[in-house]
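Work through the exercises below with the sequence and the structure at hand. Each task is followed by a solution in steps.

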Amino acid sequence: MKQILLSLLVLVLMTGSTVQAQQDTVYLDINANVVDDKASATEYAIIHKRGKKQFEICFYTLDGKLTRSCEYSQFKRKVSQRTLNGITRYKFQQSEQDSLMVHYTRNRRNGEVIFYYPSGTVMARGQYKDDMLDGPLTQYYENGAVKRKETYKKDVSQGGFYLSTDSTSLDFIPFYQKVAFKAGEEALMKIINQNIILTNELLNNLMENGKEQVSADICLRINALGETKSLTIRRTDSPLFSDECFRQVLTALQGKVFTPCLIDGRPVESLLCIKDVKCVLISR
């Protein structure tokens, strides 16, 4: 019996040690890339390894407040080398209560999305397809009564109905209105394209490999005032087509005004994801 108890104790201690060994803390800059210098960090993350290719990453402010938790199948130092796969939960600023829960597959929002009230009750349920709201969405009052029912197609409401607390029909207003550049999408892309800087290393690499263009998926973080706060690279054709190439883009967008994202009529911070930002080499 003593031998059995001793074996169980050793097993428990070994299990505890293994779990602890699979946790790590890293510091991140404003673009969520890992940095070695803590002084340049704006947040930190604790990495929990759940399997061979499964990680749960919890992100915190420097004073220890949990802001979000994300499931990855790959987590590297650079955002562009990470793969979101699974559930991401965003938190309210005042608590660790979920404000939003969304599913990702290969860095794209796909599947059910749930918005919450600060109390924890469900505010709305919808569906994402390839990073955009697409399909039915139902919003609720905090007591559970239906507030809106509508349908979305590629992030744009196709209409529906909107009810008061006593179920009286009201003039329809969409639950979600995506962030937009006030001068228009074409003007935004012009600013981005004109301010991409290709490094000599990237240019040489492209020419050596006989390539005429390189592309990346980027995300702009726009706050509730319509200001650009950061730019991250979600995907890139080349690790050399990196933050350094887009640094001037972020500078050029400072002072440029976006119409912020609206959730239930309120401006909120959000991400504007732009796919396949291309830089084409022109032969002269």
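Two strands pair if DSSP finds at least two bridges between them. Strands (E, at least two residues) and helices (H or I, at least four) are DSSP runs, numbered from the N terminus. The model is predicted: local features need pLDDT of at least 70, side-chain atom pairs count only at pLDDT 80 or more, and totals for chains, interfaces and linings use all residues. Residues are numbered from 1 along each chain as its sequence is written, and side-chain values use heavy atoms, with hydrogens and water left out.

**Exercise 1.** Determine how strand E13 is joined to E12 and to E14.

Step 1. E12 (residues 146-153) and E13 (residues 156-163) run antiparallel and are joined by five bridges. Glutamate 150 has glycine 160 in E13 as its bridge partner.

Step 2. Two residues separate E12 from E13 in a hairpin, and lysine 154 in the turn has a positive phi of about 50°.

Step 3. On to E14 (residues 169-170): two bridges join this strand to E13, again in antiparallel direction. Leucine 170 in E14 stands opposite tyrosine 162. This hairpin has five residues between the strands, and serine 167 takes a positive phi near 70°.

Step 4. The ring of tyrosine 162 also has the charged end of arginine 148 over it, 4.2 Å from the ring centre. The criterion is NZ of Lys or CZ of Arg within 6 Å of the ring centre and within 35 degrees of the ring normal.

**Exercise 2.** Classify the ring pairs that link Tyr27, Tyr44 and Tyr60.

Step 1. Rings of Phe, Tyr and Trp (its six-membered ring) pair if their centres lie within 6.5 Å; planes under 30 degrees apart count as stacked, over 60 as edge-to-face and the rest as tilted. The structure holds seven such pairs.

Step 2. Tyrosine 27 and tyrosine 44 have ring centres 6.0 Å apart and planes at 50°, so this pair is tilted. The two residues lie 17 apart in the chain, in strands E1 (residues 23-28) and E3 (residues 43-51) respectively.

Step 3. For tyrosine 44 and tyrosine 60 the centres are 5.2 Å apart and the planes at 10°, so the pair is stacked. Tyrosine 60 belongs to strand E4 (residues 54-61).
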